[in-house]
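Subject: Structure handover and notes

Dear colleague,

Below is the structure you will be working with, followed by my notes on it. Please read them with the coordinates open beside you.

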Amino acid sequence: SAMPISNTYKQIGKKVSPIDIARKIVEKVPKHPMIEKLEIAGPGFINIFLSKDYGLKHLSTIFERGVQPPPIEKKLRVLVDFSSPNIAKEMHVGHLRSTIIGDSICRLLEYLGHDVLRINHVGDWGTQFGMLIAHLHDQFPNYLIQSPPIGDLQAFYKQSKARFDADPEFKKRAYACVVKLQSFEPDYIKAWQMICDVSRKEFQKIYDRLEIKVIERGESFYQARMEKIVKELGEKGLLEDDDGRKIMWGEPNVGIPLTITKSDGGFTYDTSDMAAIKQRIEEEKSDWIIYVTDSGQATHFHTIFKCGKRTGIVDPRKHRLDHVGFGVVLGEDKKKFKTRSGDTVRLTDLLDEGVRRALEKLKEKERDKVLSPDELKQAQESVAYGCIKYADLSHNRNQEYVFSFDKMLEDKGNTAVYLLYAYTRIRSIARNANYTSEKIKEIAKSTTISLDHEKEWKLGKVLLRFPDVLLKITKDLCLHHLCEYVYEISTTFTEFYDSCYCIEKDSSGDIIKVNNGRILLVEATALIMHKCFHILGLKPVSKM
């Protein structure tokens, strides 16, 4: 601050040097337990030195209380809308980004102590169900008595779509089925439920593999609420007629309006999103709503937010709304990620490939010779799913990212493989000294963490930044900050471990001495890394 203040004096005709101002600032700063000393450097910069005692006090609480989140001003009800695949279609790599980023945001906000509602806004309503039900009637006429064996819903969808595009008679029947479904006719509802169930089971397999918890609440949930919102917007005079469509502007004649009803009276995504925002604020009592979708939908959501404010549903003083956008996933050729035949990559195939490649990687490192079959399987899944999640989260979500198993599975640099392995090594230090976590807790009561060596203190300072990093993410909802942080812990730990012995052994490999203060620093590092992994959705293993 000294330089700008000196400039301000200059503008009013007084000459005060930045160094003199810096001296005055240093004199006036009251003593604080966080600050060891203040020093003036260069033309008037003030360097602030963190107090080791303060650092020690904060790091030592880990052993009795665990890794604590930073305190929050108020516990909020947060609704996170993520994943959101479409019924009757396979989950693809675009859904993967929304699922991974959404889950990680939920994990962070849950850890901070907020009340988080994880919502999967699946596409389970609309015209595509007309053609699927009409096709079901033709293929399995006795579907009401005998459950139809639809194993491959994707193929079933393609067949019905081909008929819909080619056969005007079928198209007509498909539209009639939509009307009957939306009027809640029991036989049509049953057909719809059957189709949804097949999809739901497929989605659940993926969520189970990635350990994702989410509550399904599809567009169909809002059907009656859509009718109400259309009426309400009409009564408030917020709808305009546009060639038979009913539209609503976020700001009068600025940007693109929402289409609240089509010219045939049907509803659109805009209708269900307006009904959803109303339900989420008025019925769920959400303080904060986060939508995780690709960046292509940013304009749509900003219009929804503006319309929510215009209707009076959203109160900017009370409600926080965020659209968490992300870039597209590219293949190694820098084009949109597709299979060789040009199809969208199915998520199940992608996960299978990850598991296969992870095993190859572990065998290449001859891990199969030292791990039991059970340990090998755990390490394989930890690496496979960990590398897919981490590759996504470690990129700034606003940018597109290149999906490459070769890069993900590298054991050097900021990758899941490197970090999971680093964590396993850190964990093995105490194990080599025959220290259990109970024994470490016991030692912590009478021994302080060692922070005397410059590399110990450097690591200690990185660990102390954990709460700051989390609070930063709550502002921009970018998880790559946490990935950069956990990588920094790991590289700083390596510097410490190379310079400071924790266990001294004699020539025959017997332990002569264990430095307990350093073992505590090692344990604190492992606990904070573990918490970072939990937020990122990674599952470290004790042996790799």
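I begin with the largest pocket, to whose lining α4, α6 (153–166), α10, β9 and α11 each supply at least two residues; helices here are DSSP runs of H or I with at least four residues, strands are runs of E with at least two, and both are numbered from the N terminus. The largest share of that lining, 5 residues, comes from α4.

Before going further, please note that this is a predicted model, in which local features need pLDDT of at least 70 and side-chain atom pairs count only at pLDDT 80 or more, while totals for chains, interfaces and linings use all residues. Residues are numbered from 1 along each chain as its sequence is written, and side-chain values use heavy atoms, with hydrogens and water left out.

**Pocket and cavity**

The largest pocket holds about 1,100 Å³ of space, and of the 41 residues that line it, Ser84, Asn86, His92, His95 and Asp294 are the closest to its centre. By class, its lining divides into 12 nonpolar, 16 polar and 13 charged residues, where Ala, Val, Leu, Ile, Met, Phe, Trp, Tyr, Cys and Pro count as nonpolar, Asp, Glu, Lys and Arg as charged, and the others, Gly among them, as polar.

The search ran on a 1 Å grid over the protein atoms alone: a pocket is an open set of points with protein on both sides within 12 Å along at least five of seven lines, a cavity is a set where a 1.4 Å probe fits but cannot get out, and lining residues have an atom within 4 Å of a point. Grid points are joined across faces, edges and corners, and a volume is the space filled by probe spheres set on the points.

By that search the structure holds 1 cavity of 30 Å³ or more, and about 40 Å³ of space lies in the largest cavity. Its lining is made up of Arg97, Ile101, Asp392, Leu393, His395, Arg397, Leu479 and His480, which divide into 3 nonpolar, 2 polar and 3 charged. Both α4 (93–111) and α13 (373–393) supply at least two residues of this lining.

**Overall picture**

The protein has 20 helices and 14 strands, and its C-alpha trace spans about 85 × 75 × 45 Å along the principal axes. Of its 544 residues, 49% count as buried, which means under 20% relative accessible area, with exposed set at over 50% and partly exposed in between (1.4 Å probe, protein chains only). Among contacts (heavy atoms within 4.5 Å) between residues at least 6 apart in sequence, 73% join residues at least 24 apart.

**Two helices**

Helix α11 (residues 298–311) has 14 residues and reaches 20 Å from its first C-alpha to its last, close to the 20 Å expected, the expected span being 1.5 Å times one less than the number of residues. Its buried residues, including His300, Phe301, Ile304 and Phe305, pack against α9 (223–235), β7 (245–248), β8 (258–261), α10 (269–283), β9 (288–294) and β10 (320–326). Just after α11, Gly312 takes a positive phi of about 90°.

Helix α5 (residues 128–139), with 12 residues, reaches 17 Å, close to the 16 Å expected. Because 9 of its 12 residues are buried, α5 is largely enclosed by the rest of the structure; among them are Phe129, Met131, Leu132 and Ile133. The buried residues of α5 pack against α6, α7 (168–182) and α8 (186–210).

**Individual residues**

Most residues other than glycine have a negative phi. Lys334, although not a glycine, has a positive phi of about 65°; Lys334 lies in the loop between β11 (329–330) and α12 (347–364) and is exposed, with a relative accessible area of 58%. Asn434, also not a glycine, has a positive phi of about 60°; Asn434 sits in the loop between α15 (416–432) and α16 (437–446) and is exposed at 59% relative accessible area.

Pro70, in the loop between α3 (52–65) and β3 (77–81), is buried, with a relative accessible area of 6%. Leaving aside residues up to four places away in sequence, Pro70 touches Leu112, Pro467, Leu470 and Leu471.

With best regards
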